[in-house]
There are 4 protein chains.
Amino acid sequence: MNKVILMGRLARDPEVRYTQGEQAMAVARYTLAVDRRGKNQENSADFIQCVAFGKAGEFAERYLHKGTKIVLTGRIQTGSYTNKEGQRIYTTDVVAEDQEFAESKNAESGGTYSNQPAPAPQSGNDGFMPAGDDSELPFV
Amino acid sequence: MNKVILMGRLARDPEVRYTQGEQAMAVARYTLAVDRRGKNQENSADFIQCVAFGKAGEFAERYLHKGTKIVLTGRIQTGSYTNKEGQRIYTTDVVAEDQEFAESKNAESGGTYSNQPAPAPQSGNDGFMPAGDDSELPFV
Amino acid sequence: MNKVILMGRLARDPEVRYTQGEQAMAVARYTLAVDRRGKNQENSADFIQCVAFGKAGEFAERYLHKGTKIVLTGRIQTGSYTNKEGQRIYTTDVVAEDQEFAESKNAESGGTYSNQPAPAPQSGNDGFMPAGDDSELPFV
Amino acid sequence: MNKVILMGRLARDPEVRYTQGEQAMAVARYTLAVDRRGKNQENSADFIQCVAFGKAGEFAERYLHKGTKIVLTGRIQTGSYTNKEGQRIYTTDVVAEDQEFAESKNAESGGTYSNQPAPAPQSGNDGFMPAGDDSELPFV
DNA sequence: TTTT
DNA sequence: TTTT
């Protein structure tokens with residue numbers, strides 16, 4: 001269980017790279033500015049590093065830019081590397097799995113994209129009963 | 001944005017059906033008992049109807065039973081049907097996308113299953129740099 | 001653990017009641033229309049019953065109306081009652097704890113309200129060090 | 001909107017400090033090890049820095065230790081400070097608001113604590129109707 | 001610097 | 001009984 005839900009605006013345009021090799025894919029990075037609740041205290045925000053891979057990365061590259069307000073779902077990912085001074089540096093990023101527009105700007109939209117699988121059936125009777133027949137109580 | 005996270009125990013064994021047709025799949029239903037925070041008030045719980053489709057449904061059938069404690073991630077789904085008295089009945093279920101064991105019972109486990117896609121790469125440098133070389137600062 | 005996060009629009013104006021007695025409080029009810037991801041399938045939505053108590057209820061009464069787009073955080077609550085035919089009816093509602101505007105309509109806003117407690121300190125050094133002095137490494 | 005839900009085990013005992021001044025309070029820090037889904041890849045985990053303030057901090061001090069499995073709800077908080085080399089260092093922590101035991105160890109428990117306010121009424125009829133009378137349809 |  |  002590792003879930004993150006954020007609503008905020010991109011503090012900068014995404015930076016996008018493509019990995020090499022056969023399964024090449026987009027890797028987009030951006031910072032999300034998320035307003036804090038107790039806005040009394042100098043209207044501050046948290047500036048959260050986000051990464052989007054694959055389809056989600058392409059979506060970011062195409063539709064997101066500085067100022068775009070989104071609702072993001074993802075997970076926290078930590079890592080580390082050694083800098084040129086030889087110090088171990090620890091990193092914390094949010095991996096963006098879902099990115100949805102919070103403001104319906106009609107024009108700029110283009111929809112929503114994510115790495116999610118096709119949704120399961122969503123009818124009221126869960127596919128237990130033939131279509132057009134809903135006269136029976138579903139089992140509960 | 002439609003996310004639900006619940007931790008609780010199955011109040012009954014899952015009931016499992018299989019849909020007909022070519023893309024036949026498992027549909028498992030169960031009730032999750034989720035303890036309320038203010039447990040002072042007569043140790044009550046919420047009894048939440050859950051449905052799991054496909055792989056998640058098979059996982060439920062195989063590994064979950066009355067009393068199993070899980071952490072579930074999913075979404076709320078509403079629907080309706082007409083009962084035999086001709087009344088329109090409205091339903092609210094939680095569609096289980098992820099189901100994880102909360103208690104590591106070693107023996108009974110069998111892991112975790114969900115409809116989630118394969119996870120994106122999780123190395124510290126996000127695949128921007130060749131493996132084995134972490135001497136450069138990743139762009140931030 | 002019982003968490004719900006929803007983004008959607010009010011499908012109707014909130015209905016508000018006030019409880020009687022000394023600790024009288026507002027109880028607001030509304031339906032939230034949450035678009036489904038696989039919007040290919042006849043642009044459907046889930047219509048989710050929500051209740052807001054106390055301060056959150058007053059906020060709903062004052063600022064929310066049919067069509068308002070919000071991000072809601074809360075929990076699932078189940079209950080039951082007996083109808084006039086003597087049948088036991090089971091209910092599932094989302095109790096709204098936080099309600100935030102998803103669209104910044106400047107004018108209509110009025111902010112955000114919830115039952116949340118005052119936020120804990122949010123400075124970089126967590127209050128371990130005197131203000132104005134950030135030259136020391138915080139313990140990690 | 002800034003929500004985090006994690007399930008994992010403390011990778012070390014919490015370190016606890018108390019802030020000075022009149023509104024002195026506990027500040028507990030620990031690392032949470034959260035297993036990744038694709039456990040095929042060398043059984044890795046994310047090691048996430050957490051902070052708990054006030055009551056939540058006291059709860060951590062008292063009941064949590066290395067190895068304890070919890071479900072945590074909170075938010076991401078970013079900050080920065082300047083180290084002795086004069087470099088600006090950026091930090092990302094999870095502020096723990098709720099901490100629940102994932103394994104019911106009966107003995108060691110002691111319950112759950114958080115900064116959450118007292119829960120709103122949770123009866124089926126939402127307090128609209130007098131207790132003992134549930135024969136009327138609640139308004140929907 | 002990490003947990004089962 | 002539903003929203004854009």
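Mentor: A strand here is a DSSP run of E of at least two residues, numbered from the N terminus. Keep in mind that the model is predicted.

Trainee: Which strands supply at least two residues each of the surface near DNA strand F?

Mentor: Chain B gives β6 (88-101), and chain C gives β1, β3 (26-35) and β4 (45-53).

Trainee: How many residues surround DNA strand F, and which are the closest?

Mentor: There are 14, and the closest are B:Tyr90, C:Arg9, C:Ala11, C:Thr31 and C:Phe47. By class, the surface near DNA strand F has seven nonpolar, three polar and four charged residues.

Trainee: What parts of DNA strand F lie within 4 Å of the protein?

Mentor: Sugar or phosphate supplies 43% of those atoms, and bases supply the rest.

Trainee: What makes the pair between B:Tyr90 and DNA strand F a polar contact?

Mentor: The cut-off is 3.5 Å between N or O atoms. A polar side-chain atom of B:Tyr90 is 3.3 Å from a phosphate oxygen of DNA strand F, so the pair meets the cut-off. In the side chain of C:Arg9, an N or O atom lies 3.4 Å from a sugar or linking oxygen of DNA strand F, so this pair counts too.

Trainee: Which residues are the closest to DNA strand E?

Mentor: Of the 14 residues that surround DNA strand E, the closest are A:Tyr90, D:Arg9, D:Ala11, D:Thr31 and D:Phe47. Of the DNA strand E atoms that come within 4 Å of the protein, 45% are from sugar and phosphate. The elements that each supply at least two residues of this surface are β6 (88-101) of chain A and β1 (2-10), β3 (26-35) and β4 (45-53) of chain D.

Trainee: How do you know that A:Tyr90 makes a polar contact with DNA strand E?

Mentor: A polar side-chain atom of A:Tyr90 lies 3.3 Å from a phosphate oxygen of DNA strand E. That distance is within 3.5 Å, so the pair is a polar contact. D:Arg9 also has a polar side-chain atom 3.3 Å from DNA strand E, with a sugar or linking oxygen as its partner.

Trainee: Why is C:Lys3 called buried?

Mentor: Buried means under 20% relative accessible area. C:Lys3 has 10%, so C:Lys3 is buried. C:Lys3 lies in strand β1 (residues 2-10) of chain C.

Trainee: Which residues are in contact with C:Lys3, leaving aside its neighbours within four places in sequence?

Mentor: They are B:Lys3, B:Val4, B:Ile5, B:Leu6, C:Gly74 and D:Thr73.

Trainee: Are C:Cys50 and D:Cys50 buried or exposed?

Mentor: C:Cys50 has 0% relative accessibility and D:Cys50 has 1%. Both values are under 20%, so both residues count as buried.

Trainee: How many helices and strands does chain A have?

Mentor: Chain A has one helix and seven strands, in the order β-β-β-β-α-β-β-β from the N terminus on. Of its 140 residues, 54% are buried.

Notes:
Residues are numbered from 1 along each chain as its sequence is written. Chains are lettered from A and ligands numbered from 1 in the order in which they are written. This is a predicted model: local features need pLDDT of at least 70, side-chain atom pairs count only at pLDDT 80 or more; totals for chains, interfaces and linings use all residues. Side-chain values use heavy atoms; hydrogens and water are left out. A residue is near a molecule or strand if one of its heavy atoms lies within 4 Å of it. A polar contact is a pair of N or O atoms within 3.5 Å; within protein, one must be able to donate a hydrogen and the other to accept it, and residues adjacent in sequence count only if both atoms are side-chain atoms. Helices (H or I, at least four residues) and strands (E, at least two) are DSSP runs, numbered from the N terminus. Buried means under 20% relative accessible area, exposed over 50%, partly exposed in between (1.4 Å probe, protein chains only). Contact means heavy atoms within 4.5 Å. Ala, Val, Leu, Ile, Met, Phe, Trp, Tyr, Cys and Pro count as nonpolar, Asp, Glu, Lys and Arg as charged, and the others, Gly among them, as polar.
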